[in-house]
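Biologist: Hi! Could you walk me through this structure, starting with how its helices pack?

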Amino acid sequence: MNIINFINRFPDESSCIEFIKEQRIQQGIVCKKCAGIKHYWLENKLSFQCASCGFRTSIKSGTVMQSSNLPIRTWMMAITFITATKKGFSAAELQRQLGMKRYEPVFRMYHKLRVVMGQRDERYRLEDMAEYDEAFVGKATKAKVRSQLKRGRGSQKQSKVAVMAESTPLEDPESGKVDKSCKYFKMKKIKNLEAKTAQNLIKEYIDSDSVLQTDKSTTFSDLSDCIDVHVREISGTDKGKFNLKWVHIAISNLKKHLHTYHMISERMMQNYLDEFCYKLNRRYFGQKLFDRLIIASIYPYWYDCG
Ligand SMILES: [Zn+2]
């Protein structure tokens, strides 16, 4: 969905209400009070009323828009902008594009959408062949804290991120050359580079039947509890088969991506990682990304609809 299509298809708030209403009916509404599924639409209340007990579910209730005073069209337009570009939008840029007076509600809306994106990807585990590496990425540091940091200890101004990729080896039958294609990525902010931290993440996000590749750092010296086959990066001629190609590409792209933002606090870092991974994992979706994020936003917490 680009912005011209959006404006044609959703010229006003009522067209957006109609669209979200239809989407909710398609997905099914469950009464919070009696679990009834039959509802009537109350146009003047913008709510669904349960046919059994009369309980009302507002159009925004249970969605990412719950407790937001922003018009539904603003949310949908934000989703259009966010999904229309591979690059990230800063909240200030989004505010300008939406023509909104205040920064704060735009900032909050954008972060709620990032949380939805993170929740979607949380459900997938990586399998087959997986790569794992750690990276340092820039974060915002208060001037006062910055002056107290020791010189040369750049790592204190950076967030630590674990990066995981699921890759499939591809062999060219003619040349015998091996390359890899990549499916899914995961990125998690980590507090430290200790072995235990890596072990916990690998247990949680990588299938234990996978072949896991890491570098030769001591962090990865014992992963026997987490994974059946562990390969540490091989140098020289075999490098094509067991290298950390995809995590390295992802880390380099992530660093470029984060340059879009002036200030990223440690607290919010995971949200930025989630948006980056969500789009990366759906890089071939094209225009469909809008519909996917709409569905994810309508049922952010408990529905399972892809
Ligand atoms: Zn009910």
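**Helix packing and cysteines**

Modeller: Helices α3 and α4 cross in a right-handed way (the near helix is turned clockwise from the far one by less than a right angle). Helices here are DSSP runs of H or I with at least four residues, numbered from the N terminus. This is a predicted model: local features need pLDDT of at least 70, side-chain atom pairs count only at pLDDT 80 or more, and totals for chains, interfaces and linings use all residues. Residues are numbered from 1 along each chain as its sequence is written, and side-chain values use heavy atoms, leaving out hydrogens and water.

Biologist: Which residues of α3 and α4 make the contact?

Modeller: Thr74, Met77, Ala78, Phe81 and Ile82 of α3 meet Leu94, Gln97 and Leu98 of α4, where contact means heavy atoms within 4.5 Å.

Biologist: And what about α3 and α5, which residues meet there?

Modeller: From α3 there are Thr74, Trp75, Ala78, Ile79 and Ile82, and from α5 Met109, Tyr110, Lys112, Leu113 and Met117. The crossing of α3 and α5 is right-handed.

Biologist: Is Cys182 buried or exposed?

Modeller: Cys182 is buried, at a relative accessible area of 10%. Buried means under 20% relative accessible area, exposed over 50%, and partly exposed in between, with a 1.4 Å probe and protein chains only.

Biologist: And where does Cys34 fall?

Modeller: Cys34 is partly exposed, with a relative accessible area of 37%.

Conventions: Helix = DSSP H or I, 4+ residues; strand = E, 2+ residues; numbered from the N terminus.
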